[in-house]
Amino acid sequence: MELSLYKIFLFSLCPLTLLVGQLVSFRVHLEVDKDGWLNTYFVKQGWFWTSLVGWWCMIRYGGFGPRGTWKRTLLRYAILTVWWFVFTQSLWSEAAPLMDMVFTATGGRCSFEVFDSSDSPTWSINEKFHDTFSRRQSSLQKLYAALKKGAQNPPTLLQNAVSEIGYWISEGKGHLRGEDVTPSQLNSLIDSALHSWKKINSSYLCRSLGGYWIGGHDPSGHIFLITLMCMFLLGELQAIGKRALRVLKTHNRYWQQLREHGTNVLTMGGFWNLVAHPPATKKQFFKQLGLIPPNIGLQLIQLIGSTARFIVWDNPVVLLVLFTFLWWWSLLITTIAFHTLWEQLSGLLCAYVVAGFVYWKLV
Ligand SMILES: CCCCCCCC/C=C\CCCCCCCC(=O)SCCNC(=O)CCNC(=O)[C@H](O)C(C)(C)COP(=O)(O)O
Ligand SMILES: Nc1ncnc2c1ncn2[C@@H]1O[C@H](COP(=O)(O)O)[C@@H](OP(=O)(O)O)[C@H]1O
């Protein structure tokens, strides 16, 4: 295989991003919302989006035609999908994914340290017990449900623990003050009860019971997945790139429409006013929408429609590039804000060796 400039870019993008992220993290401290829309709906469902865009490009650029490259693409996709699945997902409900096996084999476990067991006389929730208020609340609810479900004829102390958690859920405070039990006793009671009922060997199961993963070496699942996704999309771009560029250049009509309708919309009375003073409420938004002259409204709808058609139907390579950029950006954020360097490196390496082999040997 000859080493083109593109190949150098493909093979070095993720390792270089990790390096840059590490350097930036020395100077910048980032607070990232784990439950933001990008992470929740896109990165955490990343293999779905990547498959969809990858295969859609394959279909639209004639990959399934007589001279299509679908057989090779399918082989590469199948290898990457199997590896993604084995590394991050449970093959069956009792089995742990590989990344969680590494974690438990290196001393990690699912913890249920709910209450702060420092010397403080007042009962409070342990700061390490999940990182935001809403995550804490939902984890307390999961824990409450798990304890109620698991304990048939629970001993009094465990009953106390359940009712204490119930109090924290409904009142935001506890009621065991002054009773003859300490926070650390309750913690170990909850911990040993749950660990004796179930073999908690995956982060998914741990979270579903309200616990959190501590200790051990936890290879970054995000870095693993994003590296796999970037390499798949950029790797397949090689196969469709030339054709996609040719198609992109033939859409003069769209550019002409964009210029015409775009100029009309931009010069519309009140447009810049709308940009400068965006509506604060939904009501205002619809009121301002109603003020748009009908012919301009029609042009706006046509513009949105033809842009969607231009991107999704005629030139899905734009989607491929947008998604690759989205994944790359999330990779950078993950390398700046999450995990230790070694956990980032192991996540990267586990994806890189397989994706590297696939795009080195199977192209
Ligand atoms: C598929 C056959 C190809 C034939 C081609 C026919 C053409 C059809 C055209 C389009 C079809 C599109 C196919 C879509 C199939 C998609 C299949 C899926 O992948 S569905 C599952 C999606 N799941 C995910 O993406 C989850 C990803 N998330 C994770 O792995 C983890 O959450 C994490 C590693 C990111 C983090 O783990 P955590 O424990 O730390 O939270
Ligand atoms: N780019 C990103 N944006 C938001 N959250 C991220 C992120 N990268 C990682 N995380 C979060 O950091 C935690 C560790 O990720 P991972 O082990 O997969 O690398 C995960 O938390 P949760 O699993 O609690 O949501 C994940 O959602």
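## Basis of the description

Helices (H or I, at least four residues) and strands (E, at least two) are DSSP runs, numbered from the N terminus. This is a predicted model, in which local features need pLDDT of at least 70 and side-chain atom pairs count only at pLDDT 80 or more, whereas totals for chains, interfaces and linings use all residues. Residues are numbered from 1 along each chain as its sequence is written, chains are lettered from A and ligands numbered from 1 in the order in which they are written, and side-chain values use heavy atoms, with hydrogens and water left out.

## Overall form

The chain contains 16 helices and two strands. Its radius of gyration is 26 Å, while a compact globule of 363 residues would have a value near 21 Å; the radius is taken over C-alpha atoms, and the globule rule is 2.2 Å times the number of residues to the power 0.38. Along the principal axes, the C-alpha atoms fill a box of roughly 80 × 60 × 40 Å.

Of the 363 residues, 41% are buried, a term that means under 20% relative accessible area, with exposed meaning over 50% and partly exposed in between (1.4 Å probe, protein chains only). A contact means heavy atoms within 4.5 Å. Among contacts between residues at least 6 apart in sequence, 78% join residues at least 24 apart.

## Surface and charge

The chain exposes about 21100 Å², and carbon and sulfur atoms supply 64% of this area. Such areas come from the Shrake-Rupley method with a 1.4 Å probe, and for residues only the protein chains shown count as cover.

There are 32 positive and 21 negative side chains, and the centres of the two sets lie 17 Å apart. Lys and Arg count as positive and Asp and Glu as negative, while His and the chain ends are not counted. The place of a charge is taken as NZ of Lys, CZ of Arg, CG of Asp or CD of Glu.

## Annotated regions

An unreviewed UniProt entry carries the annotation "transmembrane region" for residues 46-62, 74-92, 222-240, 317-338 and 344-362. UniProt positions are given in the numbering used here, feature names are shortened, and annotations may be inferred rather than shown by experiment.

In the model, residues 74-92 are 79% helix and 0% strand, with end C-alpha atoms 24 Å apart. Residues 317-338 are 95% helix and 0% strand, and there the end C-alpha atoms are 31 Å apart.

Tyr61 occupies the loop between helix H3 (46-60) and helix H4 (70-88). With a relative accessible area of 5%, Tyr61 is buried. Leaving aside residues up to four places away in sequence, Tyr61 touches Ile240, Arg243, Ala244, Val247, Asp314, Asn315, Pro316 and Val317. Glu164 is 103 residues from Tyr61 in sequence, and their C-alpha atoms are 60 Å apart.

Trp168 belongs to helix H7 (residues 156-171) and is buried, its relative accessible area being 10%. Beyond residues up to four places away in sequence, its contacts include Phe115, Trp123, Gln137 and Lys173. The C-alpha atoms of Trp168 and Tyr254 are separated by 59 Å, the two residues being 86 apart along the chain.

## Two histidines with positive phi

His130 is in the loop between strand E1 (109-111) and helix H6 (133-150). Its phi is near 65°, a positive value in a residue other than glycine, and His130 counts as buried at 12% relative accessibility.

His339 is placed in the loop between helix H15 (317-337) and helix H16 (341-361). Although not a glycine, His339 has a positive phi of about 70°. At 36% relative accessibility, His339 counts as partly exposed.
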